[in-house]
Amino acid sequence: MRYLRMLGDMFMGDVEERITRIEAMIEDALWECVQNDDREKELAAYMQAKESLEKMKDLPVEVQRERDRVLSYCLMRIDETLVNLGDENESEERAREALTLAEKAGEEVQIARCRLALGIRLLSKSNLADAEDQWRQVIETAMESENADMQQVLGWTLIVRSHVLNGKSLYNQALVVAIEAEEILESIDNYAGVAAVNRILVTIYRNLGDSDSADRCKEKVEKFKERAKTERK
């Protein structure tokens with residue numbers, strides 16, 4: 001019996017290592033696409049990761065939770081890539097599936113990521129009230145956390161909200177939210193986020209008639225976009 005337990009422990013250790021490798025593969029596919037913009041190749045990598053994760057059955061509770069967390073992240077990346085490729089069919093359903101898995105895993109950062117993504121899908125269907133509810137839950141959770149990954153989700157959520165406020169012609173409010181997002185993302189060296197927030201700041205400042213600030217933000221977009229590519233942050 002002791003020998004069988006040892007074999008079981010070795011097998012589960014191997015499963016956990018495979019999950020870790022699959023998560024790394026997902027991250028590599030994401031950053032490779034940032035470099036070469038090959039979304040078809042990106043999608044193929046995610047689909048391969050999804051297939052491998054879904055084959056993992058009858059796992060102990062803690063290993064199952066880790067598998068569910070990574071599978072949730074994988075599904076979220078699949079949905080994002082499909083939408084970027086022009087396939088928005090069932091995007092809300094995909095986002096909800098990813099959120100359900102994240103909740104099963106019980107991992108707050110992944111839950112927050114999924115709520116942000118689901119809110120964006122709801123917004124695309126003009127369901128702003130429900131989208132705002134998802135983002136509110138992200139913000140409430142993130143405000144109580146010093147975790148860098150959670151702060152990154154908070155920063156990106158504020159970017160989305162600044163887009164919404166700008167779309168409503170509430171330019172001063174959009175500016176306040178965007179500046180807060182930039183401060184958060186700069187503090188954790190999330191260069192992709194800094195580039196994204198400066199992209200919306202360009203639009204906001206132009207709407208406010210401040211061309212000098214818009215030009216400075218445009219320069220930051222290019223600077224931090226390149227840093228994100230080279231440093232994968």
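Helices here are DSSP runs of H or I with at least four residues, and strands are E runs of at least two, numbered from the N terminus.

I'm working on a predicted model, where local features need pLDDT of at least 70, side-chain atom pairs count only at pLDDT 80 or more, and totals for chains, interfaces and linings use all residues. Residues are numbered from 1 along each chain as its sequence is written, and side-chain values use heavy atoms, with hydrogens and water left out.

**Salt bridges**

I started with Glu-66 and Arg-69, which both sit in helix α3 (residues 61-84), 3 residues apart, or about one turn of the helix. An α-helix has 3.6 residues a turn, so residues three or four places apart point the same way. The two form a salt bridge, with the closest N and O atoms 2.6 Å apart. My cut-off for that term is a side-chain nitrogen of Lys or Arg within 4 Å of a carboxyl oxygen of Asp or Glu.

Buried or exposed? I call a residue buried under 20% relative accessible area, exposed over 50% and partly exposed in between (1.4 Å probe, protein chains only). Arg-69 counts as buried at 12%, while Glu-66 is partly exposed at 33%.

Next I looked up Arg-121, which bridges to Glu-80 with the closest N and O atoms 3.1 Å apart. Arg-121 is in helix α5 (residues 108-124) and Glu-80 in α3, so this pair ties together parts that are 41 residues apart in sequence. Arg-121 is buried at 6% relative accessibility; Glu-80 is partly exposed at 31%.

Glu-51 and Lys-55 make another bridge, their closest N and O atoms being 3.5 Å apart. Here Lys-55 is exposed at 59% and Glu-51 partly exposed at 46%.

I also noted a network of salt bridges that links Asp-37, Arg-39, Glu-42 and Arg-77. The structure holds 25 salt bridges.

**Largest pocket**

How I define it: on a 1 Å grid over the protein atoms alone, a pocket is an open set of points with protein on both sides within 12 Å along at least five of seven lines, and lining residues have an atom within 4 Å of a point. Grid points are joined across faces, edges and corners, and the volume is the space filled by probe spheres set on them.

The largest pocket comes out at about 1700 Å³. I get 43 lining residues, with Leu-30, Arg-77, Glu-80, Trp-156 and Ala-192 nearest the centre. Among the elements giving two or more residues to the lining are α1 (2-36), α3 and α5. Which element gives the largest share of the lining? It's α7, with 9 residues.

By class, I count 23 nonpolar, 4 polar and 16 charged lining residues. Nonpolar means Ala, Val, Leu, Ile, Met, Phe, Trp, Tyr, Cys and Pro, charged means Asp, Glu, Lys and Arg, and the others, Gly among them, are polar.

**Helix α8**

I checked its length against the expected span, 1.5 Å times one less than the number of residues. The 17 residues of α8 (171-187) should span 24 Å, and the end C-alpha atoms are 24 Å apart, which agrees. Its buried residues include Ala-174, Leu-175 and Ile-184, and their cover includes α7, α9 and α10. After α8 comes Asp-189, with a positive phi near 55 degrees.

Last stop was Glu-186, which lies in α8 and is partly exposed at 34%. Leaving out residues up to four places away in sequence, Glu-186 touches Val-194 and Lys-220 (contact is heavy atoms within 4.5 Å).

Technical notes. On a 1 Å grid over the protein atoms alone, a cavity is a set of points where a 1.4 Å probe fits but cannot get out, and a pocket is an open set with protein on both sides within 12 Å along at least five of seven lines; lining residues have an atom within 4 Å of a point.
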